[in-house]
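Me: Hi! Could you walk me through this protein, one piece at a time?

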Amino acid sequence: MSDIKVLPKEISELIAAGEVVERPASVIKELVENSIDAGATAITVEIQRGGITYMRVTDNGIGIAKDQIKTAFLRHATSKIKTANDLDAILTLGFRGEALASISAVSKVEIMSAQKGQNGICYELHGGEEVSFEEAGCPVGTTIIVRDLFYNVPARMKFLKKDVTEGNTVAAVVDRIALSHPEIAVKLIRDGKTVLTTNGDGKLKSAIYAVLGRDFVGSLIPLEYEEGGLKVTGFVCLPSRCRPNRNGQFFFLNGRYIKSGTMAAALDRAYQNSAMVGKFPACVINLLIPAGTVDVNVHPTKTEVRFTDEHKVFDTVYRGTRQALIVGDRRPELQLNTKKPINIFAEKSEYSQANLPLDITPKKQQSPVTSPAEKPVAEVKPIINSIPISGSLTLNDSQVKENNSSFSQSFKSAPLYDVVINAPQTKNKNLDILVEDEPPKKTEPSIEADMQAPKESDILPDVNPLDIIYIGEAFSTYIIVSLKNSLYLIDKHAAHERINFEKLKSSLKINSQMLLTPVSVTLVKEEFEAVITNTALLEKLGFLVEDFGGSTVVIRAVPAILSGEDVTSLISEIAETLRKTGTAESKRIDDILHSIACKSAIKAGNITSKEELQSLAVKVLTSRSLMYCPHGRPIAFELKRSQIEKQFGRLG
Ligand SMILES: Nc1ncnc2c1ncn2[C@@H]1O[C@H](COP(=O)(O)OP(=O)(O)OP(=O)(O)O)[C@@H](O)[C@H]1O
Ligand SMILES: [Mg+2]
């Protein structure tokens, strides 16, 4: 091996630069963060060829003093911290004193900056070496131009992606900046074209509108919640507007964009049982937290942070989101087409046709007249418009529990005999606390979080059951009722399924019923193992399951609510769920309860008496929690009288 030597400055600079500057987007992030720290109220970003050949960031911040500009480009030179103690409570986005040094080491940089009452300076560096330094007339603030990124590091250059991909990543960075600072007017110009402008009016909704569009704004519920010195503000989406991926999730910490598994997990948990299976909530959430309780100095890019108390963060986001959903969720509206064409394509991606609760997708063949312009006024071409919003679900819903028992009993044959299997003693009525026997996880709420989750009376105060007029049932599936100035279409299976689910979830013990003839079910190996490792859990939920050898299990008892149901298919379904569901016990419990609730509910196509349908409709329309089936599908759609009258030409 050769001698050990300290690397020459040029090489060590390049290595250090690599940690901060990975691609054009990292340069833009650093420069814009500097502008924010400088108190700018307007920031313009311009890029060409995805930023690889040209990037410019202009701000109207305080500028850099003439005699400080050169120092700003030295490694570890910063005006933001002075002592080691300052690291414990960082209030600025930057603090490492590395960005300008790193950027200038791997590109050609030109900076023009002026402070109030001073002459401006123009300073140019190539690969970190001074090229020129002269006075220049320029407005107060700073402009930095970065050309030919990685021109002196060909190895790095090779890893850059296509211009358009790099440009998109830059755009994503600017989007996040705009969302985290609505008080700053942000502009992005891409290859000569302005692609984003925010007005800097300080309103988060305006920034969201500019960045994510009208459709996104229309799906949001405001969020504001504070506890124990932590505060969350922003918006979360209606459960019915969840998206196919997590791209709509934006988390900020004291105005800094961060990636946070803890916050994402808390959000998932808050939407559990109301979001459509396989869909993810969207949000723009800013967590305000005392600077001393978080470490942002974990990674050079500062998007990863470490909280002193992850559980506290989880609980605050979880409870805040639950509260927002309770207050802000609303029943979806079924809209008839108006003369104004509505862009349904934006909705398509969010709502796959398979998931539409009614067969009312706007297919051409469903309507004899297809062009919106030619459409006669009276044509009724239903579409789902800016889909719903919906409900808040209240766990442990006592009203549902009480009312439902007689109802569900009427749909099943009398049990042969009942055995009550007691759940283990717990402090909380909620089944979720069965997670007690597992160590607390980052992705699980604390027991206190669940207990203290905002709850509100499940009964909607402004609905009088006497105003609900039963009209009929369509296709042996949808109950039609009127209530004041609206018609409602209620999916009887979805409604009953949710009622059963709430009932099971709020039970301290689930009644179990021994089967006269035990049923043996042969499963595939992984599913068999999943069932066997979960027999204790299944027992809590009313199943007595035994290992019969091979891949066969014997079922000796099932939840009483299920009598007469097809045990084999239910166990196969639960086995598959258990195999797929991860370690979170509360999720496994909920998934099994979904299956039981679904199997024990009345089915679409079944014959149901008028009285039962009436009682179901009253329950749905008077309960806040009956908005979605446990898989997230809407239980009911509202059709306003005004919309109908518009279609008949009675209203303008
Ligand atoms: N746009 C700007 N307006 C005013 N001052 C600036 C601007 N950009 C940089 N500076 C000054 O230059 C210094 C160095 O900037 P640099 O980005 O390298 O480090 P930093 O922001 O302090 O820390 P970090 O490396 O974490 O970003 C800053 O501390 C700040 O004083
Ligand atoms: Mg900086």
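**Around Ile43**

Reply: Happy to! Apart from neighbours within four places in sequence, Ile43 contacts Val32, Ser35, Val57, Asp59, Ile184 and Val186 (in contact means C-beta atoms, placed from the backbone, within 7 Å). This is a predicted model, where local features need pLDDT of at least 70, side-chain atom pairs count only at pLDDT 80 or more, and totals for chains, interfaces and linings use all residues. Residues are numbered from 1 along each chain as its sequence is written, while chains are lettered from A and ligands numbered from 1 in the order in which they are written.

Me: Is Ile43 buried or exposed?
Reply: Ile43 is buried, because 28 other C-beta atoms lie within 10 Å (buried takes 20 or more, exposed is 12 or fewer, and partly exposed is in between, with C-beta atoms placed from the backbone).

Me: How far apart are the C-alpha atoms of Ile43 and Thr142?
Reply: They are separated by 9.8 Å, though the two residues are 99 residues apart along the chain.

Me: New topic: which residues touch the most other members of the largest nonpolar core?
Reply: Ile28, Val174, Cys283, Ile285, Leu287 and Val317, out of 92 residues. A nonpolar core is a set of buried Ala, Val, Leu, Ile, Met, Phe, Trp, Tyr and Cys residues joined through C-beta atoms within 7 Å.

Me: And where does this core lie?
Reply: Between domain 1 (9-197) and domain 2 (213-328), because both give residues to it; the bounds come from an automatic or database domain assignment.

Me: What does Cys283 touch?
Reply: Leaving out residues up to four places away in sequence, Cys283 touches Gly234, Phe235, Val236, Cys237, Gln249, Phe250 and Leu267.

Notes
Two residues are in contact if their C-beta atoms, placed from the backbone, lie within 7 Å.
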